Amino acid sequence: MSNKDIYKSLKGEFLSADAGSLQKSFARHLESSLVKDDYSATKLDIYKSLSYTVRDRLVERWLATQQTYYDRDVKRVYYLSLEFLMGRVLGNNLVNLNIVEECCSAMHELGFELEDVCEQECDAGLGNGGLGRLAACFLDSMATHEIPAYGYGIRYEYGIFSQKIQDGYQIETPDNWLRYENPWEIARPEHLYPIQFYGRVHQYKDANGILKTEWLDTQGVMAMAYDIPVAGYSNNTVNNLRLWAAKSTREFDLSYFNKGDYIKAVQDKQQSETISKVLYPNDNIFEGKELRLKQEYFFVSATLQDVIRRYKNTHDTFDCFSDKVAIQLNDTHPAIAIPELMRIFVDLENITWEKAWEITTKTFGYTNHTILPEALEKWSISLIKHVLPRHLQIIYEINRRFLEEVARRYPNDGERLCRMSLIEEGGKKELRMAHLAIVGSHSTNGVAELHTELLRSQVFKDFFEFYPNRFNNKTNGITPRRWLKKCNPELSKLISGQIGDGWLKDLNELKKLILLPEDESFHKAWRKVKVDNKQKLADYIQRVNGIQVDVNSIFDSHVKRIHEYKRQLLNVLHVITLYNRIKNGLVDNVVPRTIIFGGKAAPGYHIAKLIIKLINSVAEIVNNDSKVSDKLKVVFLSNYSVSLAELIIPATDISEHISTAGTEASGTSNMKFALNGALIIGTLDGANIEIMKEVGNGNIFIFGLTAREVADHKRLGYNPHGYYDNDIEIKTAIDMMASGYFSPSNPSLFMPIVDSLLRHDQYMLFADFSSYLRCQEEVGKAYNNQDDWTKKSICNVANMGKFSSDRTISEYAKDIWDVESVPVNLDGSCRLTL
């Protein structure tokens, strides 16, 4: 019997998803893969065995997907991101395979509860926040819509740090998510690529007088591939996420052996593997900067070698490269791929500069994710020269040719040349990575309408004038499979019971909810789902934080990365003001409120970490004051993650998205909350504006300055002290912080925050404070009318169709990548590797 015949005979077991087949696979893996029985198996073993069981049902689809792409010679999308915040995989795969109920039944019959088993999985925290989570949603949507696509990133041994709160302070501990191995990944040692650093450049002319370049005397490390399957929803497509791990080369520095220092030689080998050890650190020290740059080059170099290897399987020349390959840069972190592809083409493949540049620019697309000047990535020229000397030469040549084009179009405009140059002159020469990404790609997109308009009119105004057709908007989105079906199963079931489940692939189907007659029983069921979700979160808060909260209070959530521009401080000022009003009897019939904070601060970001301490210190006072504790509670939930978000979001009544207008590129948590029936309180920033247009002004709470008004305030001279002098509630809140009311053992603890607000208030908290308070009062009044609140909640869910990542990906595919869906059929054949 041939291997193919054997495989076909096993096909039924691998694809069947009835409870009996799942149980057989589970038992086989428990015994054969994990060498355990009913008596010795741990909870982790049960999780692993079930994961292998589910993975079996992906394998044939996985192989068939790749075979289909080869057979049809399709154009493929390569999504390069330094972060992929995937979260837990088991539950998501059960949803996309449509076997949640079957698996639940199978495990229950074996004496296990599926929810408990899923809890054993570690979050794959390979990202800091929204950037990595967006990448994960995009992978889901690309597979669901059958786009031939691959994700590429780094297999960090340690992901985003684990956050603990001690005495109100954030404490970072390592996140060793691979301690117990990852049952979803497949090691691919056959895909091992050399990556070079340092060294020198040697140029010479060959026998034909053609200039040749060699990169010599480099130090090397190997990149080894690990693959994770990404299943589409209710189809046969299983795309691939390939993550690179650094491995040492086989060569040793013989000089150490000659000196008898074998240990030093081994240590150098181990040091080379640190590149993929940890999600990139803060870049406020030189060593951190060098490691970060090496991480960026490491993963793009390995990726491009892999992409070219795959392309060469079916093509002898590079004439069709950009017709078969689309590479999307998720922010500037992978932008070093542009000079790297040029180096491969020119130095290794002997393609002329002109042709290489034409192919390169047609291949790359660039997504910008920030408009904050301090967040636009720059690299020291001296550092690039040290680590990547050949790439610096290529960058200089790209810049020379580009500035010649600019000078021809705008003669005698030296200031414009300086503004547009890839190299920023000054005290220290730096490479502007965003400029490199724009010049080296055929598309630059923002991620919300306001964000894109600010890119065109302010941040990259010169480039928009030079390349007007390259700039476009692709408003972000979220996958409804994880962010409604998986995280809120009861609401999902209620919705599908009314309108069917077509919304899982076409989120615009949710608009049918608006057409339903006003059915009080449906509204009552809607409210019950929310209360049940609030009870789950309340139980978690009681168990983890030891705080009892009222499920009938407004659950007011502000969960996201802790940063000054996201204005958790504005929320704290509201908490203090509300506390004072209640304590002093200044409000009648106050609606009880539970204010929930969560998020991590960068380890080196002192003010952000002090904000976390302030939140916890305010919570300590508020929650223990008997005059207010039945009306107001403040909770900080530590170690915010995808899994914790899946608990918080379905339970939330009002969600805070209150960044200073003009600072948030898009935001996607606002979409997740609205999709789960929470109402938004926010500024006219990022995607809030587009959400408001979809749900209507009466179903969202908007306050504060517009982006234009913020710019006008700054231009005319913003004086925060004037607000402090003239607003008694601002003054009272700030004075309480300054006097040590919330830190009696260390009265000056929060003075850095106080001084920052009074002297600068960079993100204009004071200017928006009174508007924010009035808006919060409106929230309380609206919540008192539960019938009307329920209608608003349903309206939010019904109008979230635009914010599906499926829509976003369809726009990328049509407008930027020029790719089409490729359905996958299962015929039992599998010949090629990934």
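These legends walk you through several close-up views of a predicted model.

**View 1. Helix α23 and the glycine that follows.** Helix α23 runs over residues 520–545, 26 residues in total. From its first C-alpha to its last, α23 reaches 36 Å, close to the 38 Å expected at 1.5 Å a residue. After the helix comes Gly-546, with a positive phi near 70°.

View 2. Just after α24, look for Gly-585, which has a positive phi of about 65°.

View 3. Phe-321 belongs to helix α11, residues 321–324. Is this side chain's residue, Phe-321, buried or exposed? Phe-321 counts as buried because its relative accessibility is 0%, under the 20% cut-off. Leaving aside residues up to four places away in sequence, Phe-321 touches Val-307, Ile-308, Tyr-311, Leu-341, Phe-345, Ile-359 and Thr-363. Lys-75 is 246 residues from Phe-321 in sequence, yet the two C-alpha atoms are 9.2 Å apart in space.

**View 4. The second largest pocket.** This pocket has a volume of about 720 Å³. It is lined by 28 residues, and the closest to its centre are Ile-371, Pro-373, Gln-458, Val-459 and Gly-662. Helices α17 (433–439), α18 (449–459) and α29 (707–716) are the elements that give two or more residues to the lining. The most comes from α18, with six residues. By class, the lining of the second largest pocket has 14 nonpolar, six polar and eight charged residues.

**View 5. The largest cavity.** The model has five cavities of 30 Å³ or more, and the volume of the largest is about 190 Å³. Among the 21 residues that line the largest cavity, Tyr-47, Glu-121, Cys-122, Trp-177 and Asn-182 lie nearest its centre. Two or more lining residues come from each of α3 (43–71), β2 (84–87), β3 (124–126) and β11 (238–247). The lining of the largest cavity divides into 15 nonpolar, three polar and three charged residues.

**View 6. The second largest cavity.** Here the space comes to about 160 Å³. Met-86, Asn-92, Asp-140, Val-230 and Arg-482 are the closest to its centre among the 15 residues of the lining. At least two lining residues each are supplied by α4 (90–96), α7 (130–144) and β10 (219–231). Eight nonpolar, four polar and three charged residues make up this lining.

View 7. Cys-122 is partly exposed, at 39% relative accessibility. Cys-487 is in no disulfide either, and its nearest cysteine sulfur, that of Cys-137, is 11 Å away. With 8% relative accessibility, Cys-487 counts as buried.

Terms used: Residues numbered from 1 in each chain as written. Predicted model: local features only at pLDDT ≥ 70, side-chain atom pairs only at ≥ 80, totals over all residues. Heavy atoms only, no water. Helix = DSSP H or I, 4+ residues; strand = E, 2+ residues; numbered from the N terminus. Expected span 1.5 Å × (residues − 1). Buried < 20%, exposed > 50% of the residue type's maximum accessible area, 1.4 Å probe, protein only. Contact = heavy atoms within 4.5 Å. 1 Å grid on protein atoms, 1.4 Å probe; cavity = no way out; pocket = protein on both sides within 12 Å on 5 of 7 lines; lining within 4 Å. Points joined across faces, edges and corners; volume = space filled by probe spheres on them. Nonpolar A, V, L, I, M, F, W, Y, C, P; charged D, E, K, R; others polar. Disulfide = S-S within 2.5 Å.
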